[in-house]
Amino acid sequence: MQRAHSPLGNLRTLSQLTPSKLANRRVLVRVDVNVELLGGRVRDMSRLQAVRQTVRWLVARRAKVILVAHRGRPVGRQLSCSLRPLVRPLTKAVGVPVTLVAARIGSAALRKKISALEPGQVVLLENIRFEPGETKNDTRLARTLAGYADIAVNEAFADSHRAHASITGLAKFVPMVAGFQLARELRSLKRWLGKPKHPYVAIVGGAKISTKLGLVRRLLTRADAVLLGGALANTVLKAEGVAVGASLIEPDMLRAAHGLKTTNAHLHIPVDVFVARAGGQKPIRRAVGNVQPSERILDIGPDTIDLFGRVLRTAKTVVWNGPMGVYERPPFERGTRALARLMAKQSAINIAGGGETVDAIRRQKLDTKFTFLSTGGGAMLEWLEGKTLPGISACMKGKYV
Ligand code: ADP
Ligand code: MG
């Protein structure tokens, strides 16, 4: 049952559909199974598990389920980006057999496969980005895809900030509803971060300031404190005229980053860091301003952790995206680990999102200490920025079909 005043407004959701509408119907589900494979194995199953509920619910209602997904950024039909290695892990995560249909979109072979589907059967189409029209939101591709389905489900929150053919395009030709996980993500984000309890503290780290500058600006107007770390803090430091040696920075962003004004009392940047010499691994602690030309900043230092910890302790709500350092390479995971532990220890509302951020939290088995972990990196950031996500709009009443 939907509540009269749903917190999701006009969002059409799977649970609003009557089961009789689904039996024998072809349901196309856009999922996000874009996971990293290490030696052929999926390291983090959480994205695959996130589609379990929707798929099983549809199977139980005797729908014919057609899963559509992408993996990586293939150029044409690049076999290293095939979805084939995901079939077994996905079958395991969902608990019902999933088979790959490699026939091309628009081919007679695929049409035949789709019309031969049995109720309760689940197929996965090959990487949708093998089609050049996908990222261009090509109308023909969208119409062809929509032709395979009686109804579409968006279960890919992590891709919903992208206006691609399988995310928004097809909603012009077939009714689209939000899947259970997507609705849950939105409900949680709205509940905890729509009107956050203050003091509200944001932690932003990770690789690129270019993808997060808008967010940092917006957070500076909404949060009581913003803590910056990771490589993006390097660009901000450099923009302030601080020597960062051979650290990873984005030269094109220096001007824009300068506009952040590190004198802003709400903005906290690292005061000390761990560096390594080019090609080296040994961590050397440096005060910010004292980094040598051959050195790279790879993590935040203990004074910075202390400083950030003091701010965090005051918080009632904390939102975190982006690791504080190159956490994949010990010992440069210390800053990220320390912040995860600090958050886990306190009773604030703790929200985190982003592929690497969530991975870092799970590696420490601290996931249960967080109020909510979003499956979306970029999508969560754009939501936080106050942007309308095209993949969400596509599921709104009165929009498209
Ligand atoms: P998320 O996926 O959580 O949104 P990002 O993709 O923005 O995070 O950034 C994660 C990456 O940033 C990690 O691979 C990490 O190694 C890298 N990173 C963090 N700090 C640094 C640094 N100081 N120098 C180079 N890379 C860094
Ligand atoms: Mg990432």
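Val271 is partly exposed, with a relative accessible area of 41%; buried means under 20% relative accessible area, exposed over 50%, and partly exposed in between, using a 1.4 Å probe and protein chains only. The model is predicted: local features need pLDDT of at least 70, side-chain atom pairs count only at pLDDT 80 or more, and totals for chains, interfaces and linings use all residues. Residues are numbered from 1 along each chain as its sequence is written, and side-chain values use heavy atoms, with hydrogens and water left out.

- Val271 sits in the loop between strand S11 (267–268) and S12; helices (H or I, at least four residues) and strands (E, at least two) are DSSP runs, numbered from the N terminus.
- Leaving aside neighbours within four places in sequence, Val271 is in contact with Ala287, Val288, Asp303, Thr304 and Leu307, where contact means heavy atoms within 4.5 Å.
- Val271 and Ile300 are 29 residues apart in sequence, and their C-alpha atoms are 8.1 Å apart in space.
- Ala276 belongs to strand S12 (residues 272–277), and at 1% relative accessibility Ala276 counts as buried.
- Ala276 and Arg296 are separated by 20 residues in sequence and by 5.4 Å in space, C-alpha to C-alpha.
- Not counting residues up to four places away in sequence, Ala276 touches Gln281, Lys282, Ser294, Glu295, Arg296, Leu298 and Phe332.

**Helix H10**

- Helix H10 (residues 302–313) has 12 residues and should span 16 Å at 1.5 Å a residue; its end C-alpha atoms are 16 Å apart, which agrees.
- The expected span of a helix is 1.5 Å times one less than its number of residues.
- In H10, Thr304, Ile305, Phe308, Gly309, Val311 and Leu312 are buried.
- An α-helix has 3.6 residues a turn, so residues three or four places apart point the same way.
- The exposed residues Arg310 and Arg313 are on the face of H10 turned away from its buried side.

**Helices H2 and H6**

- The axes of helix H2 (residues 52–60) and helix H6 (residues 180–194) come within 7 Å and cross at roughly 140°.
- Axes are lines fitted to C-alpha atoms, for helices over the stretch in contact, and angles run from 0 to 180 degrees between N-to-C directions.
- H2 and H6 are therefore oblique to each other; angles under 35 degrees count as roughly parallel, over 145 as roughly antiparallel, 65 to 115 as roughly perpendicular and the rest as oblique.
- Gln53, Thr54 and Trp57 of H2 make the contact with Phe180, Gln181 and Arg184 of H6.

**Backbone details**

- The peptide bond from His198 to Pro199 is cis, with omega near -5°, and Pro199 is in the loop between H6 and strand S9 (200–204).
- A cis peptide bond also links Pro330 to Pro331, with omega near 10°; Pro331 is in the loop between strand S15 (317–321) and helix H11 (334–345).
- Asn24 is not a glycine, yet has a positive phi of about 70°; Asn24 lies in the segment before strand S1 (26–31) and, at 47% relative accessibility, counts as partly exposed.
- Arg62, in the loop between H2 and strand S4 (64–68), has a positive phi near 65°.
- At 44% relative accessibility, Arg62 counts as partly exposed.

Terms used:
Chains lettered and ligands numbered in written order.
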